[in-house]
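Biologist: Could we go through the aromatic side chains of this model together, with the cut-offs stated as we go?

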Amino acid sequence: MRLATIRSGEIESVHEVSVVATDVDGGVIDLSGSLDLTFFYRSAIKPFQATISLEAGADLTVEQTAIACSSHGGFPIHQGLVEANLETAGLDEGALQCPPAWPRDALAKELMVSRGHREPTRVSNNCSGKHSAWLAACAAHGWPTETYLDPTHPLQQKVADLVEQVTGVNGNPIGVDGCGAPTLRGELPGLARAFGLLSTEARFASAASAMRRFPALLSSNHLNEGRFAAWWGGPVKGGAQGLIAAGRHGIGIAAKSHEGDVDKAIAAMLEVIRRVGLLSQAAADALADVARIPVLGGGRQVGTIEPISD
């Protein structure tokens, strides 16, 4: 799908996004762009990573499960739930192997600074929910916590097996995510199929329910991903470099911005969701500026970034 930046009535630039919608068997319902695009899933597979944590024995509340699925904004509620996951494991922040990072949400960073923090922490890293749930799983199952990020660790092997099962794609070659975790490689149809399964299969009910009930814990209400999740009514998860996936009623949709811009990927995904009949009028109205991203000039809107063709 091609999106255009339109300024003052003229096309300023054009952006490519690939989007696919599938059923739970992987049958393509709608396609815009390339089926051959390959990429690292990055954070988009966190619901499946969280499922492995739960199956390994991590004793998490629904809110703690939501934070395990998240790329959170770093507000106190997010950090508090990460700390609760660590307490479940009998561990503290020192066990986390994600690097220190300021909150993903700029307002959350301002709040941390106003409360006297002068350095980023591991807990405020947006991936700390996943890491803390993994540690809780390792502690519950008796797996080593010191090597939980090693691709040969039993937990990571179970993650890789599950992701291959739900996507139908072998995740090799394995890369290293920004948080230090192993990241698997795949394609859009497989990711879409996985999110269709996430929205329907009993095995994933805990993760899917947590994501549906607590979208504000998954990202940030200030980001387009968080705003979309609040209106979607099913699991939504973004990944780095312009990746987004969503599922509802067994239909999975995955979008990848070729330039790595997640807001453009969401805008393209909303167009496909509209075409397949899963976008309510209320959601379309509430997300109008997410589906048609405002372009500013002189402090006022002078255009949009919007789909122009497949």
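Biologist: Is tryptophan 134 buried or exposed, and what is its relative accessible area?

Modeller: This is a predicted model, in which local features need pLDDT of at least 70 and side-chain atom pairs count only at pLDDT 80 or more, while totals for chains, interfaces and linings use all residues. Residues are numbered from 1 along each chain as its sequence is written, and side-chain values use heavy atoms, with hydrogens and water left out. Buried means under 20% relative accessible area, exposed over 50% and partly exposed in between, with a 1.4 Å probe and protein chains only. Tryptophan 134 is buried, its relative accessible area being 0%.

Biologist: Which kind of aromatic pair do tryptophan 134 and tyrosine 148 form?

Modeller: Rings of Phe, Tyr and Trp (its six-membered ring) pair if their centres lie within 6.5 Å, and planes under 30 degrees apart count as stacked, over 60 as edge-to-face and the rest as tilted. Tyrosine 148 is likewise buried, at 0%. With 6.3 Å centre to centre and 65 degrees between the planes, the pair of tryptophan 134 and tyrosine 148 is edge-to-face.

Biologist: How are the rings of phenylalanine 228 and tryptophan 232 arranged?

Modeller: Phenylalanine 228 counts as buried at 1% relative accessibility, and tryptophan 232 does at 3%. Their ring centres are 5.7 Å apart with the planes at 45 degrees, so the pair is tilted.

Biologist: Which charged end sits over the ring of tryptophan 232?

Modeller: A charge sits over a ring if NZ of Lys or CZ of Arg is within 6 Å of the ring centre and within 35 degrees of the ring normal. At 4.2 Å from the centre of the tryptophan 232 ring, the charged end belongs to arginine 248.
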